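Q: I'm new to this one. Can you walk me through it?

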Amino acid sequence: MRFTLDQAQTDFGRTVDRMLGGADTPRAVRAWARGEHAPGRAVWGRLADAGVTGLAVPEAYEGVGPLPVELGVAYVAAGRHAVPGPLAETAAAAVLLAALAEGGTARGGLVAEDWLPRIADGRALVTLAAADGGPYALDADAADAVFAVAGEELWLAPGHGPVQPSFDPARRLARPLPGGEPLARGPAVAAAAARAADWAAFATAALSLGTGLALVERTAAYVGQRTQFGRPIGSFQAVKHRLADALIGLEFARPLLYGAAVALASGPTGGALASGPTGDARAEVAAAKVATGEAAYTAARTALQLHGALGYTDEYDLSLWIRKARALRSAWGSPSVCRARVLAP
């Protein structure tokens, strides 16, 4: 099957990209890493104005989704601009709450009615802690709600523990506190959480692709300006080959990402959120996750080597993308876990 974006999807991606280009996201990322969330929330507001925050929310709850293809397009742009915050987790939480509501539980419907409209219009920034994502909730200190899943139980955490150090300082990790408000219990929670984890992995893959593309673009511009032996280093064959290899890896990962989006959109029972993920969708997402994560990590290593010592400095913006590429590679499914899912019978 050949898959390409249509004109409307392409134009949407360009619009989000241009909008983020004027948002000074490096400043927002550095502030976010210090625990200062106002600049990052301002960027989040721009995403909401563009309709991005409603892409995982069903129309019944004032969203426009679920639209995984469009979400992938928007999150690639977000990755290119290193937008801080729990983007993947907010989308996954929206999918989780919508799935529980569609499952027919009265409590699930009330929770969805309470939170999904606020997620859709950008008023609520939420995060999710679940088994597939590890024991920590991303950016719990900035979130309006921390949803936590353990087995067949979902609850609204009363707070979070201390923020833990992370390789990417802008990815602030904290454990949800026990207790809090129970929201749902039973097999439907486990099925909805599995569906949400696939969306989180897919969103993380899109962010990885955008991060890798930004690294290649910035490095190509740098090697065209830096001279050695009286020539731009970008004219040397060894440098060209390194950049070409990094770009090829990203371009090979791109169709896997959008193939996973099509699988998520098809979904069980015509794409209904209430069911758990199909094996095909989970495998497609895992393939996209490992391909984009490895390609972005390769782009980060290439960028670091071609920038020399400059690439190591925190003051240089490139470091924001280098750190993010490595962190995203393991978020919501390490390469080994994703490969195992692809190969599972």
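Q: Which residue follows α2, and what is its phi?
A: G35 follows α2. Its phi is positive, near 85°. Bear in mind that this is a predicted model.

Q: Which residues of α2 are buried?
A: Helix α2 covers residues 25–33. Its buried residues are T25, P26, A28, V29, A31 and W32.

Q: And what covers the buried residues of α2?
A: The cover includes α1 (7–21), α3 and α10.

Q: Which residues other than glycine have a positive phi?
A: E62 is one of them, with a phi of about 75°. W332 is another, with phi near 55°.

Q: Where does E62 lie?
A: E62 is in the loop between α3 and α4.

Q: Is E62 buried or exposed, and why?
A: E62 counts as exposed, because its relative accessibility is 59%.

Q: What about W332, buried or exposed?
A: W332 counts as buried, because its relative accessibility is 6%. W332 sits in the loop between α10 and α11 (335–343).

Q: Where is there a cis peptide bond?
A: It joins G65 and P66. Omega there is about 0°. P66 is placed in the loop between α3 and α4. E62 lies in that loop too.

Q: New topic: cavities. How many of 30 Å³ or more are there?
A: A search of the whole structure turns up 2.

Q: How much space lies in the largest cavity?
A: About 160 Å³. It is lined by 19 residues. Closest to its centre are V83, G85, R171, L207 and K324.

Q: Which helices each supply at least two residues of that lining?
A: They are α4 (68–80), α5 (87–102), α7 (187–223) and α10 (318–330).

Q: Which gives the most?
A: That is α5, which gives 3 residues to the lining of the largest cavity.

Q: How do the residues of that lining divide?
A: The largest cavity's lining has 12 nonpolar, 3 polar and 4 charged residues.

Q: What volume does the second largest cavity have?
A: About 80 Å³.

Q: What is it lined by?
A: The second largest cavity is lined by W44, L47, V52, T53, A56, L71, Y75, L87, T90 and A91. They divide into 8 nonpolar, 2 polar and no charged.

Q: Which helices supply at least two residues each there?
A: For the second largest cavity they are α3 (38–49), α4 and α5. Here α5 gives the most, with 3 residues.

Q: On to the core. Which residues in the largest nonpolar core touch the most other members?
A: Y75, F147 and L154 do. The core has 106 residues. Helix α7 gives the most to this core, with 20 residues. Y75 also lines the second largest cavity.

Q: How many aromatic pairs does the count come to?
A: The count comes to 1. W115 and F147 form it, and the pair is edge-to-face. The centres are 5.7 Å apart, with 85° between the planes.

Q: Where do those two sit in the chain?
A: W115 is in helix α6 (residues 106–120). F147 is in strand β3 (residues 145–150). They are 32 residues apart, so the pair links distant parts of the chain.

Q: Are W115 and F147 buried or exposed?
A: W115 is buried, with a relative accessible area of 10%. F147 counts as buried too, at 0% relative accessibility.

Q: Last topic: T302. Where does it lie?
A: T302 is in helix α9 (residues 279–307).

Q: Why does T302 count as buried?
A: Because its relative accessible area is 3%, and buried means under 20%.

Q: What does T302 touch?
A: Not counting residues up to four places away in sequence, T302 touches R242, L243 and A246.

Terms used:
Residues numbered from 1 in each chain as written. Predicted model: local features only at pLDDT ≥ 70, side-chain atom pairs only at ≥ 80, totals over all residues. Heavy atoms only, no water. 1 Å grid on protein atoms, 1.4 Å probe; cavity = no way out; pocket = protein on both sides within 12 Å on 5 of 7 lines; lining within 4 Å. Points joined across faces, edges and corners; volume = space filled by probe spheres on them. Helix = DSSP H or I, 4+ residues; strand = E, 2+ residues; numbered from the N terminus. Nonpolar A, V, L, I, M, F, W, Y, C, P; charged D, E, K, R; others polar. Core = buried A, V, L, I, M, F, W, Y, C linked by side-chain atoms within 4.5 Å. Buried < 20%, exposed > 50% of the residue type's maximum accessible area, 1.4 Å probe, protein only. Contact = heavy atoms within 4.5 Å. Phe/Tyr/Trp six-rings, centres within 6.5 Å; stacked < 30°, edge-to-face > 60°.
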